[in-house]
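Student: I'd like to learn how to read a model like this one feature by feature. Can we go through it together?

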Amino acid sequence: MSTAVEPQQGAEPRDERPGGRGLVRAFAQGELGSIRVILMLAVIWTVFQLLNDRFLSAVNLTNLLLQIVSLGLISTGVVLVLLLGEIDLSVGAVSGLAAGVMAVLTVKHGWPPVAGIVAALAVGLAIGTANGLSVTAFGIPSFVVTLAGQLAWQGALLAVLGSTGTINLPDSAITDLTFTFYSDAIGWIIAVVVVGLYAVASAVAYRRRRRAGIEAGRADLIVLRVAAVSLAILATVFVMNRNRGVPLAVLILLGFVALFGFWTTRVRYGRHLFAIGGNIEASRRAGIRVDVARVGVFAIASTMAAAGGVMAASRGLAVNQSSGGADVLLLAIAGPVIAGTSLFGGRGSAWSALLGALVIGSISNGMDLLALESSVKYMITGAVLFGAVVIDALARRQRLAAGRR
């Protein structure tokens, strides 16, 4: 008579090991996700507050959130590309070109602001689709395709702007995207609704996975994550209400991150990205339309880059020849990696775009308050990126040693 024990529906997942050792193992394998990044943020904020007591002021924290909106939107698209194990080096240049097209159409040709924004997004969509088709149809590595695009779209921006080099944006719906703030009451209502939805969604997801008899994650870590995120949301609204209120720009960023977070975890097409990034050949044999997914992801990534360019122009009140240049590309990739999205593909979260942008933005903001030289800023940012890649590689090695990806 067989003594094999069939797994029981709703049984405890094998990786839910109590005690401090389980927590240490989860941290080493990169399982703590947002909690790890929040701890990192706490350290960064403490250091900069000790060095400059204005860092944690309501005014500076509100400015910090506004600063990361553009970067966060670009990084959201980058996350999807990284999930496939691909790379897009053109997102910075695309953001600048899209903003330039919007500025020229609205300022020089009199287009309505909304039409200009739509045109900018259309430019991003077209470029991303072309990138995806180049990768899938011709088999050209995404690194090569998007590196060429980075150079080409920088040149296109110069051509679009013409001899003026800079186009200032008048007050309009475009600038209102950044400079619209909501009252304290609306801010608290938004906070309570978001906290409630997040807690319910986390609980429902955990129960469904348990009932299906699949890995649901550690219950204590889920509770800790919900508590940490809820506290962060309430504290953020409290701080912003002490200044000018909750900005529309921040709500736009949160909306896109939440949308793609839902899409990649609850929609079949989005979940396929993890499978493709984990093993592309196995995904093909499983019937997943790999090429369609890749083209779609590159199209979305460039569209999100265009959205980031629009928000950058809105905040800066202008578009110039350096729009989308400098360290935009580096930071857009570094942010998600710092927050746990793997460069090796198949592992990550849309929320890592937001958390990574917070880390990068906090470091940049703090260095600006300390009036550090540009050379020092670049070296520190580069060191942070290198450290994130090292942590990602070590976590992946730990997971492989444990028989997991």
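Student: Which residue forms a salt bridge with Arg-284?

Tutor: Asp-291 does, and the closest N and O atoms are 4.0 Å apart. A salt bridge here is a side-chain nitrogen of Lys or Arg within 4 Å of a carboxyl oxygen of Asp or Glu. Side chains of opposite charge can pair when their charged atoms come close. Before we go on, keep in mind that this is a predicted model: local features need pLDDT of at least 70, side-chain atom pairs count only at pLDDT 80 or more, and totals for chains, interfaces and linings use all residues. Residues are numbered from 1 along each chain as its sequence is written, and side-chain values use heavy atoms, with hydrogens and water left out.

Student: Are Asp-291 and Arg-284 buried, partly exposed or exposed, and what are the cut-offs?

Tutor: Buried means under 20% relative accessible area, exposed means over 50%, and partly exposed is in between (1.4 Å probe, protein chains only). Asp-291 has 35% relative accessibility, so it counts as partly exposed. Arg-284 is partly exposed too, at 37%.

Student: How many salt bridges does the structure hold?

Tutor: Six. One of them joins the side chains of Glu-281 and Arg-285, at 3.7 Å from N to O. Both residues sit in helix H12 (residues 280-285), four residues apart, about one turn of the helix. As for the labels, helices (H or I, at least four residues) and strands (E, at least two) are DSSP runs, numbered from the N terminus. Glu-281 is partly exposed at 38%, while Arg-285 counts as exposed at 72%.

Student: What about Lys-377 and Asp-368?

Tutor: Their side chains also meet in a salt bridge, 2.4 Å from N to O. Lys-377 is partly exposed, with a relative accessible area of 23%, and Asp-368 is partly exposed at 41%. Elsewhere, salt bridges that share partners join Glu-86, Glu-281, Arg-284, Arg-285, Asp-291 and Arg-294 into one network.

Student: How do I tell a pocket from a cavity?

Tutor: Take a 1 Å grid over the protein atoms alone: a cavity is a set of points where a 1.4 Å probe fits but cannot get out, and a pocket is an open set with protein on both sides within 12 Å along at least five of seven lines. Lining residues have an atom within 4 Å of a point. Grid points are joined across faces, edges and corners, and a volume is the space filled by probe spheres set on the points. The second largest pocket has a volume of about 740 Å³. Of the 32 residues that line this pocket, the closest to its centre are Gln-67, Ser-70, Ala-312, Arg-315 and Val-328.

Student: Which element supplies the largest share of that pocket's lining, and how does the lining split by class?

Tutor: H13 supplies the largest share, seven residues. By class, the lining of the second largest pocket has 15 nonpolar, 14 polar and three charged residues. Here Ala, Val, Leu, Ile, Met, Phe, Trp, Tyr, Cys and Pro count as nonpolar, Asp, Glu, Lys and Arg as charged, and the others, Gly among them, as polar.

Student: And which residues line the largest cavity?

Tutor: Leu-66, Val-69, Ser-70, Thr-178, Ala-249, Met-311 and Arg-315 do. The volume of the largest cavity is about 30 Å³. H3 gives the largest share of its lining, three residues.

Student: Last one: how are the rings of Trp-263 and Tyr-269 arranged?

Tutor: Rings of Phe, Tyr and Trp (its six-membered ring) pair if their centres lie within 6.5 Å; planes under 30 degrees apart count as stacked, over 60 as edge-to-face and the rest as tilted. The count comes to four aromatic pairs. In the pair of Trp-263 and Tyr-269, the centres are 5.2 Å apart and the planes are at 35°, so the pair is tilted. Trp-263 is buried at 17%, whereas Tyr-269 is partly exposed at 27%.
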